[in-house]
Amino acid sequence: MHDALMLLAALLASLAGMGWLALSMDVHWTQARAAAPQPAVLVTTLRTLGAAALTLSLALCLAVDSPSIAVLVWCMTLAASTLTVAFTLTWRASVLGMLVFWTSQGAR
Amino acid sequence: MTSNTLTRSHLTRSHIVARTALALLGGYVFTWGVIAAGTALMYGAGMAFHDAEHLSYIIGILVYLGAFLAGFAAHKLRRVALVLVGGGALLSAGAWLLQQQLV
Amino acid sequence: MFPQFRHTMAWLHTWFGLALGLVLMVVFFFGSLSVFDREIDRWAIPDTRYEPQPMPSFDRMLKPIFETVQPNAAERAAVAGLVDGPLPARFDTARSWGAYTTHRDPVLTLFVGYQVPNAKDHETAVWANRTIDPRSGVALPDDRLKIGSGFFYPLHYSLTIEWKQVGYWIVGFAALMMLMALVTGVIMHRKILRELFTFRPNKSAQRSMLDVHNLTGVAALPFHFFFAFTGLVIFAYVYFPVTHTQLAPLHDKHEQVEAKQTGLPHERAGSAAPMASVDAMVLEAQRRWAAKGMAGDVGYLNVQHVGDANGYVSIYRAGTDRVQLAGEGIHFKASTGTVLREDPPPTLVARINEFLTGLHLQHFRHWLLRWLYVLGGLAGCACIATGLFFFVEKRKRQHAKQGVSGARIVDALAVTTVTGMLVATLCMLVANRLLPDSMPAGWPWRGDMEKYCFWGAWLLASVHGLWRTAPVAQARLAPAWREQCLAIAALAVIAPLLNWITTGDHLARTIGAGYWPVAGADLFMLTGSVLALLAARKLQRRDALRAAAPAPMLEAGHA
């Protein structure tokens, strides 16, 4: 059960990481935050958050399984997360806004 | 006169066949040479036999990929044919010679 | 080939991608199904729907069975051409006995390799196998086809074309072209990082197809590359048989050196010897593994030079907790049970090779990773399929104007390999439930009938595809797609339904009992049915909107 929860956390960390990396790009920021302008300093913050989350995901994977398996699990979570973030941006972009809840939303 | 680089209108069937043969068959010959020479060299240098074999396979497949792309990307058909086929033959011959020493 | 490097790469990607993409659809799809091949076996052979078992007693159960295993007609036919003179009615000298268990397989498969008298090459062996229930030793009837591990899996790596290994070569070539397509795709894709999360379904068909093609290709790029690469590494000895041809002398010398170094005899002594208790050897092996801090189950057991004084028993640990396959081999003298050799820790190169082959062959126990592998494999299918769709979309207007049928033919081929393949797969599972328990005399055996249903259904689907893609020649959408999606939606409900009717294992029962192999298969099919239905509806809507002006042509690889 403990392992299952850690792996779930790894998946979520990977998802958040990819989400933050996506939001650091103008076009996706606009999709998620409805045309509110993106401050430049936020781009760096988002990229850092993204990298940190992906690293956390790897650490969680390594805590559950032997290194050879953990690396594979982590790589595959990146693939799953990229696809999930992409489809979320297409159909429910505002959901991604949750990841940057502390910034203001633009006019709709 | 043959042109080695083409515009769309010069993309003849014979050129495509030549490039494909070069990339596939020439690439295969070159890869065989790399695998044979790699296995013999590494085993001769003291590596375990199956390790030498497997490492040569791993390198060989990546070499084949590169050779295939080179077969199409290279401007001069004749030069790349020489390298792939000639080089492969040389490497195989080298492996055979080395085998004579080791066995 | 072209003055511009990128142009050449794009040309290669398009044309070799198209040609081999049709083969790669099959390889990727059945590869994805093979992740759960043993679970599909459970669905197809209801008699085996029980829990995986540990390796049973060798002395009490396996040894008596091994002694009775003889090759069947097909296995005899495989070596008939390699002998001078007739094959004996019964083979007596067993080169080796092998058995291996997995944590996913309830049944146990036993392999015997017999010496072939009068063989042209003295290394020739004839192989026999039998599958048993490890709880009782009762053999599975010969006519039961393991649809997962015995059909879908071989289809994945050899298209089941065994003649002169032609199927292996076709798949190998396709795998090499997959690597080429990935490299050329990256070279062509100018904004690869910027467009990583981009999918625009509301734009033209071409744009949205290309977006999905790029997305599924790049998101799982390491997966696609490593699977094609490791697949080639696994069968490299088939494609480049260097050490059995040019370097055969070197190989033979090494075998002799190794036999002396390891103390494991290469040849039989020629004098008979009884076999000591193998169960005791298994216990000793497990004791030694535990002492090293890696307690585990037996994964693979092999007896070499059966019945001979030089005989030895090799016992390997099941690698369920890591990527490498079986390992930690311990070898015992067969007649006395003394330890001849404990395999030393693997070298760096051996570990790299085991990692690469192990990540592809998946003997590890990790359900999340398996499902992520299925996701990766299906992403690969989506990548190839959308590549085909993009090819057709981009050219069909042009071809319609020129009166050329290229786009229509490619669309027909795409129907065959995308929806046609799914139709064939489901028809085979339906046939598996509908065929009688044993076929009447004169009919092919049950397993062969299932295969005929598979290939027959695929043929029908491809004929239907050819017929119903005619509108593509006028740059319209082919009705074949929608029609086959509806067929898939129906079949993917019928198969689980038949499972319920013929075995009583409906979803409430299998989920309730936690019997996930069968529940998972049924759920997967039902999910597929829903997706096929949604796709059919979407295609209907798109066809209705098609009256609008044609979309502009997009160049792949240009922004």
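**Close-up views of a predicted three-chain model****View 1. Contacts of C:K396 in chain C.** C:K396 touches C:A407, C:V472, C:A475, C:R476, C:L477 and C:R546, leaving out residues up to four places away in sequence. Contact here means heavy atoms within 4.5 Å. The model is predicted: local features need pLDDT of at least 70 and side-chain atom pairs pLDDT 80 or more, while totals for chains, interfaces and linings use all residues. Residues are numbered from 1 along each chain as its sequence is written, chains are lettered from A and ligands numbered from 1 in the order in which they are written, and side-chain values use heavy atoms, with hydrogens and water left out. C:K396 belongs to helix α13 (residues 367–402) of chain C. Helices are DSSP runs (H or I, at least four residues), strands likewise (E, at least two), numbered from the N terminus. C:K396 is buried, at 2% relative accessibility. Buried means under 20% relative accessible area, exposed over 50%, and partly exposed in between (1.4 Å probe, protein chains only). The C:K396 side chain reaches the backbone oxygen of C:R476 at 3.4 Å.

View 1. Helix α14 of chain C covers residues 406–434, 29 residues in total. From first C-alpha to last, α14(C) reaches 40 Å, close to the 42 Å expected at 1.5 Å a residue. The expected span is 1.5 Å times one less than the number of residues. At C:G420, α14(C) bends by about 40°. That bend is the angle between axes fitted to the seven residues ending there and the seven starting there. Of the 29 residues of α14(C), 22 are buried, so the helix is largely enclosed by the rest of the structure.

**View 2. A:H28 and its contacts in chains A and C.** A:H28 is found in helix α2 (residues 26–33) of chain A. Its relative accessible area is 2%, so A:H28 is buried. Neighbours within four places in sequence aside, A:H28 is in contact with A:A22, A:L23 and A:L89, and also with C:R194, C:F197 and C:T198. The A:H28 side chain makes a polar contact with the side chain of A:Q31, at 2.7 Å. A polar contact is a pair of N or O atoms within 3.5 Å; within protein, one must be able to donate a hydrogen and the other to accept it, and residues adjacent in sequence count only if both atoms are side-chain atoms. A:H28 and A:T90 lie 62 residues apart in sequence, with 9.5 Å between their C-alpha atoms.

**View 3. The interface of chain B and chain C.** Here 43 residues of chain B are in contact with 44 residues of chain C. The area buried between the two chains is about 3900 Å², and carbon and sulfur atoms give 77% of it. Buried area is the accessible area (1.4 Å probe) that two parts lose on being put together, summed over both. The rule finds eleven residue pairs in polar contact across this interface, both residues at pLDDT 80 or more. On the side of chain B that touches chain C, α1 (13–44), α2 (49–73) and α3 (77–102) each supply at least two residues. The largest share of that side, 16 residues, comes from α2(B).

**View 4. Positive phi in two loops of chain C.** C:L159 lies in the loop between α5 (147–158) and α6 (166–188) of chain C. Its phi is near 55°, a positive value in a residue other than glycine. C:L159 is buried, at 14% relative accessibility. C:Q362 lies in the loop between α12 (348–361) and α13 of chain C. C:Q362 is not a glycine, yet has a positive phi of about 50°. At 9% relative accessibility, C:Q362 is buried.
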